[in-house]
Amino acid sequence: MEVVIVPDAKAGGELIAEAMAKLLRRKPDALLGVATGSTPLPVYEALAAKVRSGAVDVGRARIAQLDEYVGLPAEHPESYRSVLRREVLEPLGMGMDQFTGPDGTAEDVQGACEAYDKALADAGGVDLQLLGIGTDGHIGFNEPCSSLASRTRIKTLTEQTRIDNARFFDGDIDQVPHHVITQGIGTILEARHLVLLATGEGKADAVAATVEGPIAAVCPASALQLHPHATVVVDEAAASKLKLADYFRHTYVNKPEWQGI
């Protein structure tokens with residue numbers, strides 16, 4: 001995989017947004033996979049700025065969701081569908097008709113998982129999937145020891161994850177759902193380009209395990225090593241545990257400009 005070390009989160013957001021813009025200029029109806037959380041916000045902000053300036057047109061673009069709470073109404077302000085509407089679709093001037101995601105309110109949750117996998121395939125597959133990473137190496141809600149061949153499925157949140165997410169629910173853990181639907185690692189690996197963004201010293205160990213460690217289910221993100229086009233964008237703090245950091249800097253500085261990321 002390619003590792004790109006940037007000065008800070010804003011630079012990482014600009015770099016990835018430009019990669020998305022180039023993709024959309026080449027393929028206007030590209031399907032972009034997006035993630036929630038604070039880490040990808042600089043990407044969405046930079047891409048929205050490009051749309052406002054006329055540098056890229058998202059009129060035919062499509063957005064695909066990575067994961068969703070089970071049992072939380074779609075209109076709930078903390079459902080990931082609502083979060084992505086606020087943080088991605090509305091800033092980009094895109095409508096819900098350009099969005100696809102799993103149905104977290106379905107009576108048959110397993111059926112909804114299978115339907116979402118099929119919907120992604122029927123849409124032609126994800127062209128670029130943006131990912132964050134947890135301090136334990138999880139991607140999506142694929143916690144450590146998730147199958148590296150897993151498909152979109154229901155997962156039970158750990159108590160720590162529910163405690164962490166309680167801040168979005170007025171600090172009340174009882175409001176945090178116990179279950180989520182998440183794209184599996186096998187599903188994620190089917191995207192044509194995977195871009196993982198990590199910032200901050202707290203992600204340094206997970207980044208090192210992902211990039212330089214063995215491929216192992218204990219670090220789900222290490223599965224990116226199996227992908228033919230995976231890019232890991234990290235700031236200096238998140239890169240601080242990489243043994244090959246100097247090599248990664250050298251290769252990026254000397255790569256052909258036309259190659260992009």
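**Reading loops, cores and helix pairs**

Tutor: Asp-170 is found in the loop between helix 5 (159–165) and strand 8 (179–182), where helices (H or I, at least four residues) and strands (E, at least two) are DSSP runs numbered from the N terminus. This is a predicted model, in which local features need pLDDT of at least 70, side-chain atom pairs count only at pLDDT 80 or more, and totals for chains, interfaces and linings use all residues. Residues are numbered from 1 along each chain as its sequence is written, and side-chain values use heavy atoms, with hydrogens and water left out.

Student: What is the phi value of Asp-170, and is the residue buried or exposed?

Tutor: Its phi is near 60 degrees, a positive value in a residue other than glycine. Asp-170 counts as exposed because its relative accessibility is 73%; buried means under 20% relative accessible area, exposed over 50%, and partly exposed in between (1.4 Å probe, protein chains only). Cys-145, in the loop between strand 6 and strand 7 (153–156), has phi near 80 degrees, also a positive value in a non-glycine residue.

Student: How is a nonpolar core read, and which residues have the most contacts inside the largest one?

Tutor: In soluble globular proteins, nonpolar side chains tend to be buried together. A nonpolar core is a set of buried Ala, Val, Leu, Ile, Met, Phe, Trp, Tyr and Cys residues joined through side-chain atoms within 4.5 Å. Here the largest has 35 residues, and Ile-16, Met-20, Ile-63, Leu-92 and Val-233 have the most contacts inside it. Elements giving two or more residues to this core include strand 1 (2–6), helix 1 (9–26) and helix 3 (80–92). Its largest share, 8 residues, comes from helix 1.

Student: How are two packed helices described, and at what angle do helix 2 and helix 3 pack?

Tutor: Two packed helices are described by the angle between their axes and the distance between the axes. Axes are lines fitted to C-alpha atoms, for helices over the stretch in contact, and angles run from 0 to 180 degrees between N-to-C directions. Helix 2 and helix 3 pack at about 10 degrees, with axes 9 Å apart. Helix 2 is therefore roughly parallel to helix 3; angles under 35 degrees count as roughly parallel, over 145 as roughly antiparallel, 65 to 115 as roughly perpendicular and the rest as oblique.

Student: What are the angle and axis distance for helix 1 and helix 2?

Tutor: They pack at about 55 degrees, with axes 7 Å apart, and are therefore oblique to each other.
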